[in-house]
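Please read the numbered points alongside the structure.

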Amino acid sequence: MTDVHEPPRDLADPKTLLLDYLDYYRVVVGRKVVGLAPAELGRSHLPSGWTPLELLKHLVYMEERWVRWGFAAEPVPHPWGDQDDDGRWQVRPEETVDALLAAMDLAGARTREIASRAALDDPAAVGGRFTTAAECPTLGWILFHILQEYARHAGHLDVARELIDGSVGE
């Protein structure tokens, strides 16, 4: 896993700042799940019932839903593959932390690739997640939304990891 720190404090370009913070939070999330025993990855320590592996898978699918399927209107075979029919996060028995971490890295690279071809004020394309132009958020909105998802869920993993083994910090 790449060692990434928060973006430099003098960074002013909004797109670079958003993308660099997304990279940073992907690493933070990865650090929270790496080293956990398989039993702990699949066990919930919170009343809501989610597991660290389920949360990791959710982040992978969330980013694909918003960037590939949403902004770029690319076909995504199972955009809600992180959820069961009731909307609860799920992980199949054959899915591993290593595979999901690799998928998260791939989703991040794809986000950078798609964002490099667009401006922050460009609206999402119609035809993927969005069926009308009125529904289409801008790239800037999408990237900010994804960033807050990663930051919020990194905080959730902070709590879960502390409950599991006392580990704290990024």
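**Notes on the helix packing**

1. The axes of helix α1 (residues 14-33) and helix α3 (residues 52-71) come within 10 Å and cross at roughly 155 degrees. Axes here are lines fitted to C-alpha atoms, for helices over the stretch in contact, and angles run from 0 to 180 degrees between N-to-C directions. Helices (H or I, at least four residues) and strands (E, at least two) are DSSP runs, numbered from the N terminus. α1 and α3 are therefore roughly antiparallel to each other; angles under 35 degrees count as roughly parallel, over 145 as roughly antiparallel, 65 to 115 as roughly perpendicular and the rest as oblique.

2. This is a predicted model, in which local features need pLDDT of at least 70 and side-chain atom pairs count only at pLDDT 80 or more, whereas totals for chains, interfaces and linings use all residues. Residues are numbered from 1 along each chain as its sequence is written, and side-chain values use heavy atoms, with hydrogens and water left out.

3. The crossing of α1 and α3 is left-handed, a term that applies if the near helix is turned anticlockwise from the far one by less than a right angle, with right-handed used if clockwise. Arg26, Val29 and Val33 of α1 make the contact with Pro52, Leu56, Leu59 and Glu63 of α3, where contact means heavy atoms within 4.5 Å. By class, the residues of this contact are five nonpolar, no polar and two charged. Ala, Val, Leu, Ile, Met, Phe, Trp, Tyr, Cys and Pro count as nonpolar, Asp, Glu, Lys and Arg as charged, and the others, Gly among them, as polar.

4. Leu59 lies in helix α3. Its relative accessibility is 0%, so Leu59 counts as buried; buried means under 20% relative accessible area, exposed over 50%, and partly exposed in between (1.4 Å probe, protein chains only). Setting aside residues up to four places away in sequence, Leu59 touches Val29, Glu149, Tyr150 and His153. The C-alpha atoms of Leu59 and His153 are 8.3 Å apart in space, while the two residues are 94 residues apart in sequence.

5. How do α1 and α5 pack? The axes of α1 and helix α5 (residues 139-165) come within 9 Å and cross at roughly 25 degrees, and α1 and α5 are therefore roughly parallel to each other. The crossing of α1 past α5 is left-handed. Residues of α1 that meet α5 include Leu18, Leu22, Tyr25 and Val29, and those on the α5 side include Leu143, Phe144, Leu147 and Tyr150. The contact of α1 with α5 comprises 16 nonpolar, one polar and five charged residues.

6. α3 and α4 have axes 9 Å apart and pack at an angle of about 25 degrees. α3 and α4 are therefore roughly parallel to each other, and their crossing is left-handed. Among the α3 residues involved are Leu53, Leu56, Val60 and Phe71, and among those of α4 are Leu100, Met104, Ala107 and Ile114. The contact of α3 with α4 divides into twelve nonpolar, two polar and four charged residues.

7. The loop between α3 and α4 (97-116) contains Ala73. Most residues other than glycine have a negative phi. Phi of Ala73, however, is near 55 degrees, a positive value in a residue other than glycine. With 23% relative accessibility, Ala73 counts as partly exposed.

8. Gly81 is also in the loop between α3 and α4. Is Gly81 buried or exposed? Gly81 has a relative accessible area of 15% and is buried. Apart from neighbours within four places in sequence, Gly81 is in contact with Lys57, Tyr61 and Gln90. The C-alpha atoms of Gly81 and Lys57 are separated by 8.9 Å, and the residues are 24 residues apart along the chain.

9. For the protein as a whole, there are five helices and zero strands, and the pattern along the sequence is α-α-α-α-α. A compact globule of 170 residues would have a radius of gyration near 15 Å, and the 16 Å of the protein agrees with this; the radius of gyration is taken over C-alpha atoms, and the globule rule is 2.2 Å times the number of residues to the power 0.38. Along the principal axes, the C-alpha atoms fill a box of roughly 45 × 45 × 25 Å. Buried residues make up 45% of the 170 residues. Of the contacts with a separation of 6 or more, 68% are between residues 24 or more positions apart.
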